[in-house]
Amino acid sequence: MRTIGKALGAMLMVAGLSLPAAAQDRLVIAGRDAGFAPALAKMVELYQAKNPSVKIERLELGGGPLYERLAVGAREKTAATDVAMLDDIWAPEFMARGWLTDLGTVGGLPGEFVKSAMDVSRHDGKLYAAPFVGNIAMFAYRKDLLAKHGFERPKTWSDVVKAAQTIQDKEQGISGLVFRGIKGNPIVTSFLPVLWAHGGDVVSADGKAVLDTPAAEKALTQFLSFKALAPKGVETYNATELRDAIQQGRAAIAVEMWSSWAGTLDGSASKVAGQVEVVASPGEVKGPAPMLGAWLLAIPADSPNKARAADFIRFVTSSENQKLIALETGNPPTLTALFNDKDLVAKYRWYPAQLEALNVAQARPRISQWARVETILGDYLQLALIGQMQPKQALTEANAQIARALSR
């Protein structure tokens, strides 16, 4: 029998009081906590009702602990997990190391999924994961304020700067824009769509560090110009501060907007209900390149319950249940047709625009070292943001450290 460490006990959700002798009567599902947990919890509840003899254990873990559990289990072949929820940035490592089951060997995955999410679910032509949450970094703006000052939807980041500057100059108490400036993942996530729109990148397709380019320098110079248009202290802003600045009418444009944040824009606590458009990120030298942030479901290679796990994944990713998850928990679907479903669009008016963004989405570099690379880049971006480094110096030093990280 598999056991769960005491340190994880408080996070363990058990949908059955006794453990069966037969392995095929069990499922251990390791998933994320926070906003993702209700979706998996609902699916476990419904699947359990249809399959009462199956004993299901569901773990709710933070991002770091979830990755560690899955990676350690895969390396040590503990056979401790049957269904694994993966951030798309973890997928390259898990696939390349042979830690996941080819879904084609366990019945496949029906349904027309968004291409960008399917692309990060494949490796060497085989499907190793099912797209579960269709997250993507969107862009938001106050359509009333832009219209008031003669601006349409910004097509480029240069358009964003112009509109933000005008609004900040003419509207008392309103910052032109807001972004997440805290170091690490938040500032990197804010910066990447700007970098990609300028034609730059962090890591090339052949796995080399490529931040020391004129395109990257132009992108960072433009990104740093956002600070003068943002609320004071933006270098400490994370999701809560960004969302509040838009929702309370203290900023006109959000450089980054995720579905989980957008859901409150039209709520009773919002001072700008109905006035915020949520669309795909702007372009610049090239077209829009919003950042994909998909979450996937996969079956560890050492799972003793692969057939049952595959059945659960197909259940979760069915059109009926993807729609139910979206309506009840706010997690966006990954099936293309659902983004134009009338019931979903009535609740989430930006869904057609989200599909537009998903269709041009760019995934983060498909490398196993991305976590380290992101940390390095996030540190140097903030050093530039707070004025301790010039753009070229920050990018040159970050590039050198990233190159070393990639060589290990």
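Tutor: Tyr-141 has Ile-253 in S9 as its bridge partner. Strand S8 (residues 138-142) and S9 run antiparallel and are joined by 3 bridges; two strands pair if DSSP finds at least two bridges between them. Helices (H or I, at least four residues) and strands (E, at least two) are DSSP runs, numbered from the N terminus. The model is predicted: local features need pLDDT of at least 70, side-chain atom pairs count only at pLDDT 80 or more, and totals for chains, interfaces and linings use all residues. Residues are numbered from 1 along each chain as its sequence is written, and side-chain values use heavy atoms, with hydrogens and water left out.

The open sheet has 3 strands in the order S9-S8-S10, with antiparallel pairing. Strand S9 (253-257) and strand S10 (276-279) are the edge strands, each pairing on one side only. On average, neighbouring strands of this sheet are turned by 20° against each other, direction ignored. Axes are lines fitted to C-alpha atoms, for helices over the stretch in contact, and angles run from 0 to 180 degrees between N-to-C directions. Helix H9 (residues 239-247) packs on the sheet and touches S9 and S10, contact meaning heavy atoms within 4.5 Å. The direction of H9 makes about 140° with that of S9.

As for the helix pair, helix H7 (residues 185-197) packs against helix H15 (residues 370-385) at an angle of about 80°, their axes 8 Å apart. H7 is therefore roughly perpendicular to H15 (angles under 35 degrees count as roughly parallel, over 145 as roughly antiparallel, 65 to 115 as roughly perpendicular and the rest as oblique).
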